[in-house]
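Please keep the sequence and the structure in view while reading.

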Amino acid sequence: MNTQTTSTLLNYNIGYYSNLKYKMPIKYINIYSWIELSKTDKYKNIITRAREHKRAGEEDAYTALKQTLPCTMYTCHTGMSKSEKDIESLLPFLVIDVDHLKEEEIDTVKHKLYSLPYVFLVSKSVSGLGVWALAYIAYPEKAKATYKSLIVDMQKIGIEIDKQCNNINRLRFLSYDEDLLVKPSDANIEPYAKYLEETKKLT
């Protein structure tokens, strides 16, 4: 993969599911349109209510609301199901997911991720107590090995990322962030090209 501008990366199409009940994407939309969808009053209101339940420790109510949100896979396009066996094509992205943060830590983590040359978008999670970022990667076919390398590199800058996010078909729910960080449209984003094989040898 070559260096790409933010604008080019935001124009990649992703499969859009209206919620977890749907097996097939309703349609494909680009990442930019997905971001715009999160800003609509309908979804901002759902996410705000979900965050209120999360802060109150009402996990069942939080989960119930979260599962009504649209969801997508930033990493691949699938066929007849959301299963890994039905993946039809891979996208050059990985999601960096940082959970269980204190509110005062959110901004620091967001800006640490934003400063990385291969990250072009950083947002709060649905809960409001986590952060996720989109990383542009050089070898989508080595996504799991790439994620292992990312875990190591994140630890070097004091960030612990969710190790479960190495599954290629992981769903990401629509999330709103009033302070969403997106690099300028003409910024050059370098692909993350490292990966760790099973031998643990860095390539």
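Asp153 forms a salt bridge with Lys156, the closest N and O atoms being 3.5 Å apart, where a salt bridge is a side-chain nitrogen of Lys or Arg within 4 Å of a carboxyl oxygen of Asp or Glu. Both residues belong to helix H6 (residues 143-156) and stand three residues apart, about one turn of the helix; helices (H or I, at least four residues) and strands (E, at least two) are DSSP runs, numbered from the N terminus. Asp153 counts as buried at 12% relative accessibility, whereas Lys156, at 62%, counts as exposed; buried means under 20% relative accessible area, exposed over 50%, and partly exposed in between (1.4 Å probe, protein chains only).

This is a predicted model, in which local features need pLDDT of at least 70 and side-chain atom pairs count only at pLDDT 80 or more, while totals for chains, interfaces and linings use all residues. Residues are numbered from 1 along each chain as its sequence is written, and side-chain values use heavy atoms, with hydrogens and water left out.

The structure holds nine salt bridges. One of them joins the side chains of Glu103 and Arg55 at 3.1 Å, N to O, and this pair links distant parts of the chain, since Glu103 lies in the loop between strand S7 (93-98) and helix H5 (106-114) and Arg55 in helix H3 (residues 41-55), 48 residues apart. Arg55 is partly exposed, with a relative accessible area of 43%. Another salt bridge, at 3.7 Å from N to O, brings together Asp162 and Arg170; here Asp162 is buried at 16%, and Arg170 is partly exposed at 29%.

Beyond its neighbours within four places in sequence, Leu113 is in contact (heavy atoms within 4.5 Å) with residues including Ile96, Val131, Ala133 and Met154.

The protein as a whole has six helices and twelve strands, and buried residues make up 50% of its 203 residues. Along its principal axes, the C-alpha trace spans about 45 × 40 × 35 Å.
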